[in-house]
Amino acid sequence: MTAAASAVFAAYGFRFVETPAVEEFRTLEAGAGAALENSAFRMVDLDGSLLALRPEMTVPIARLAASRLADEPTPHRLCYAADVYREQASLRGEARQFTQLGVELLGANGPSSDAEVVGVLVDALAAVGLREFTVGVGTVAVLRALIEAAGAGPEWAAELLASAHARNLVAFDALASAEGVEPAVGEALRRVVRIGGGREAIGECRLVADAVGCAGSLDALESAWELLEAAGVADRVRVDFGILRSFDYYTGLIVEAYAPGLGLPLGGGGRYDEVLARFGAPMPAAGFALSLERVMIALAAQDVAIPVRGLDAVVGGEPREVALTAKRLRAAGWTVRMSATRDAAALDVEAASAGASWRVLAGEGRAVSADGRVLALDPVPAPSSEGGTR
Amino acid sequence: MTAGRLRMAIPKGALFEGSLRVLRAAGVEVGALADPGRLLIVDTEEIRFIIGKPTDIPAYVAYGAADVAIAGADVLAEAALDVAELADLRFGACRFVVAEREGSATQIADSYRRLGVVRVATKYPRITEAYFADRGVQVEIVKLHGNIELAPLIGLADQVVDITATGTTLRDNHLRIVDEVMSSSARFVANPVAVRIDSERVMDLAGRLARAAGEVEQP
């Protein structure tokens, strides 16, 4: 699965990078802000510095780009398959280490790079074999513009965003109707977070936002949508102005991927144009991360078999001959397990229990299958596909 | 994505009748849910109703076993799981209060001064902890499963945090309300992914229920 997604990333020209699992807590905090407080594992080193295990990859990659890639021409197209670590409440029984696959497009702005990120996500989900999935796209720009227009102060804005992050529309509505909020803007806020659909949803949102002079915040999303239509992926994408992600560094596009039957998103991301400035290299940026584990669950739920390379042969016999034969088979692309067994019958048993298609007695120059078929090994043919999937 | 029935979890107990009322008022066919007997799953043309223990409803929704549900705001706050709260259904109103034995205020203040800790009995440890932490008061929480009002009377705790609709039980047990923690009512909630991929059905239902909740006469 990682291979299938990686191939898509590579096809778009993304390069794999690795970053350390342990980072300075200050560094992560500078990038991710308050959301880190409850999610990062923290520890103290011998000098008394506070360290943290990375809870996600966006900030470590931003740091990497701002430092090690500072002299390279932008844009950077970087991707990763990496373990991340998050603290979870006790007794929830959730894994604290999981694997993320993702891309970051740094140094490129505008609808075309937004559309590229969404396009990679759609292609990657299709490539791993998911038959049914939806990618939701929205933008925080509308909400930010409306909050600005509401003129009700930073404290109110923080509360409103917190209720939106908590997906609590009851509290959100109450805040939007609160005293001191421009009533027309409050009405627009209540409507906007409920708008979703295809292209027409953007038009609907534009009508609402236009009434309070905030329609400009939709331009980028509308252009990106046109590019997604042109790229032929729009049928997998749904516009949704209710999406809000828990990391608060997003500045424009936000994207989330869903599969039916899985109660949690497969992954998500968005545009975070201000994060790199915090590391001294201001540049626009966008990306997404997929949870490998959740994608696996979704694949299983859709009865998609995950191809696993089976074992082609077990080779037994005189040790020196075994080593030579196994080497020749591996060179021809076989997967081979070496055995200390010299007896054909015992080797049959071993091959059967290992799920190998063939057993080879080194020096015999042939492979024998469980049902008695014989394959000449001089020259060694390409491995049969019978290793198959399981 | 409109495959199959929408799965809706309904709490048995105090919120059950109110849930039926608001569903009917919103024009939702409730079928055998009106009299489920021992059934825990009731199917209608459009909806699969799942009847659960109120405190378990947030888990059903957060893990996606139910797409949507009706649950008390109190239970949602205590569970602190990731669910989308879409509408206030207004029935089942109650208040979370801090209460103590009548005439025990001086004694509690005194022991807090000496020991620096207050012992609080509750069914809702998470809400209680958050409330006292906000005020910088150090508390020892005793988690109980029922008859919370008994705790101060038998010397188990100094104060209690509990829900009350009218305050009668507290008064009958000579407990005095000292502060309000939060108010609660029934909410219409949804799994965060269901809101996104089944949004037409879920948001439509949320809108109908919210309107119906405004019209249903409170008992």
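Glu180(B) has a relative accessible area of 35%, which makes it partly exposed (buried means under 20%, exposed over 50% and partly exposed in between, with a 1.4 Å probe and protein chains only). Arg95(B), at 30% relative accessibility, also counts as partly exposed. This is a predicted model, in which local features need pLDDT of at least 70 and side-chain atom pairs count only at pLDDT 80 or more, while totals for chains, interfaces and linings use all residues. Residues are numbered from 1 along each chain as its sequence is written, chains are lettered from A and ligands numbered from 1 in the order in which they are written, and side-chain values use heavy atoms, with hydrogens and water left out.

Glu180(B) and Arg95(B) form a salt bridge in which the closest N and O atoms are 3.3 Å apart (a side-chain nitrogen of Lys or Arg within 4 Å of a carboxyl oxygen of Asp or Glu). Glu180(B) belongs to strand 10 (residues 175-184) of chain B and Arg95(B) to strand 6 (residues 94-101) of chain B, so the pair ties together parts that are 85 residues apart in sequence (helices, H or I of at least four residues, and strands, E of at least two, are DSSP runs numbered from the N terminus). In chain A, salt bridges with shared partners join Arg199(A), Arg206(A), Asp219(A), Glu222(A), Glu226(A) and Glu229(A) into one network. Over all chains the count comes to 32 salt bridges.

Another pair in chain B is Asp43(B) with Arg5(B), whose closest N and O atoms are 3.7 Å apart. Asp43(B) is partly exposed at 35% relative accessible area, and Arg5(B) is partly exposed at 37%. In chain A, Arg26(A) forms a salt bridge with Glu24(A), again with closest N and O atoms 3.7 Å apart. Here Arg26(A) is exposed, with a relative accessible area of 62%, whereas Glu24(A) is partly exposed at 32%.

Chain B as a whole has nine helices and 11 strands. Its C-alpha trace spans about 65 × 30 × 30 Å along the principal axes, and 49% of its 219 residues count as buried. Ser183(B) lies in strand 10 of chain B and is partly exposed, with a relative accessible area of 48%. The C-alpha atoms of Ser183(B) and Ala165(B) are separated by 9.7 Å, the two residues being 18 apart along the chain.

The largest cavity holds about 230 Å³ of space. Its lining has 19 residues, and Leu169(A), Val193(A), Gly242(A), Val195(B) and Arg196(B) lie nearest its centre. Elements that each supply at least two residues of this lining include helix 7 (169-176) of chain A and helix 9 (199-215) of chain B.

The second largest pocket contains about 820 Å³ of space. It is lined by 35 residues, with Ala14(B), Pro54(B), Asp74(B), Tyr124(B) and Ile163(B) nearest its centre. Helix 1 (16-25), helix 3 (73-79) and strand 9 (159-164) of chain B are the elements that give two or more residues to the lining of this pocket.

The backbone has some exceptions as well. Most residues other than glycine have a negative phi, and most peptide bonds are trans. Cis peptide bonds, with omega of about 0°, join Thr74(A) to Pro75(A) and Asp378(A) to Pro379(A). Pro75(A) is in the loop between helix 3 (58-67) and strand 5 (76-85) of chain A, and Pro379(A) is in the segment after strand 17 (374-376) of chain A. Asp303(A) has a positive phi, near 55°, and is exposed at 67% relative accessible area. In chain B, Asn147(B) has a positive phi of about 45°; Asn147(B) sits in the loop between strand 8 (139-143) and helix 6 and is exposed at 54%.

Notes. 1 Å grid on protein atoms, 1.4 Å probe; cavity = no way out; pocket = protein on both sides within 12 Å on 5 of 7 lines; lining within 4 Å. Points joined across faces, edges and corners; volume = space filled by probe spheres on them.
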